[in-house]
Amino acid sequence: MIVAVDGPTASGKGTIARALAAHFSLPHLDTGLLYRAVGRQVLLNGGDPDDPADALAACAFPDALLADPELRSEATGSLASRASIHPAVRQALFDRQRKFATQPGGAVLDGRDIGTVIAPEAGAKLYVTASVPARAKRRWLEMHGQGRDVALEAIEEDLRVRDARDSGRKDAPLRAADDAVVLDTSNMTRDEAIAAAIALVEARRPI
Ligand code: C5P
């Protein structure tokens with residue numbers, strides 16, 4: 001079965017997707033990492049993520065880049081969000097995601113457009129979301145734990161900008177698929193959110 005986990009940044013979708021993959025023994029692909037690699041490669045090429053040709057050229061990033069810790073930074077996330085607007089970039093990354101989704105035995109993919117574009121036939125679709133203050137607080141705690149001192153207000157502002165860009169783009173905007181189950185984790189602990197997600201997928205599993 002294909003499990004699609006979509007949602008905005010810092011909603012907890014990555015944690016939930018990894019937990020679902022472990023629980024159901026399915027391979028997992030964090031598709032945001034592919035877009036982050038493109039964003040990072042644009043920078044390494046000395047290009048501009050807002051330029052469609054520069055962004056497309058960066059899609060030829062080497063696989064080794066996927067292990068670069070810098071991909072997890074806020075700065076790379078922002079570059080990824082800018083580069084991911086271009087239809088040619090989304091097209092260039094489509095086959096890789098589609099192949100992963102349709103492998104025998106199924107898979108879990110998390111991103112923005114898994115349930116709407118990459119695998120509309122997914123057997124289970126979750127749209128994981130949370131309020132901006134809840135997501136900003138989680139991100140702040142995570143960064144604080146890594147010894148990075150960032151103002152909560154700056155994180156909130158960054159989340160709002162990224163949400164607006166991801167939801168407002170013409171090609172594959174961030175939105176819940178019509179048949180997705182919305183899981184709002186604002187008032188849930190990590191374990192509660194994971195348990196709720198497992199129960200939702202369980203209910204959709206073929207008998
Ligand atoms: O999920 P993550 O924060 O790692 O994604 C980084 C950026 O990549 C997002 O802000 C979004 O613009 C883009 N993205 C996308 N489609 C996906 C996954 C990520 O456009 N399936």
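In this predicted model, Thr-31, Leu-34, Tyr-35 and Val-38 of helix α2 meet Val-89, Arg-90, Leu-93, Arg-96 and Gln-97 of helix α5, where contact means heavy atoms within 4.5 Å. Helices (H or I, at least four residues) and strands (E, at least two) are DSSP runs numbered from the N terminus. The model being predicted, local features need pLDDT of at least 70 and side-chain atom pairs count only at pLDDT 80 or more, whereas totals for chains, interfaces and linings use all residues. Residues are numbered from 1 along each chain as its sequence is written, and side-chain values use heavy atoms, with hydrogens and water left out.

The axes of α2 and α5 lie 11 Å apart, and the two helices pack at an angle of about 140°; axes are lines fitted to C-alpha atoms, for helices over the stretch in contact, and angles run from 0 to 180 degrees between N-to-C directions. α2 is therefore oblique to α5, a term for angles that are not under 35 degrees (roughly parallel), over 145 (roughly antiparallel) or 65 to 115 (roughly perpendicular).

Val-38 also touches Ala-55, Ala-58, Cys-59, Phe-61 and Ala-83, among others, when residues up to four places away in sequence are not counted. Val-38, Phe-61, Val-89, Leu-93 and Leu-109 have the most contacts inside the largest nonpolar core, which has 26 residues. Such a core is a set of buried Ala, Val, Leu, Ile, Met, Phe, Trp, Tyr and Cys residues joined through side-chain atoms within 4.5 Å, buried meaning under 20% relative accessible area with a 1.4 Å probe and protein chains only. The largest share of this core, six residues, comes from α2. Apart from it lies another core, of 20 residues, among them Ala-19, Leu-26, Leu-183 and Val-201.

An open sheet of five strands, with parallel pairing, has the order β2-β3-β1-β4-β5; two strands pair if DSSP finds at least two bridges between them. The edge strands, each pairing on one side only, are β2 (28-30) and β5 (181-184), and neighbouring strands of the sheet are turned by 20° against each other on average, direction ignored. Strand β1 (residues 2-6) runs parallel to β4 (residues 124-129), to which four bridges join it, and Asp-6 stands opposite Tyr-127 in β4.

| Helix | Strands crossed | Angle |

Notes
Buried < 20%, exposed > 50% of the residue type's maximum accessible area, 1.4 Å probe, protein only.
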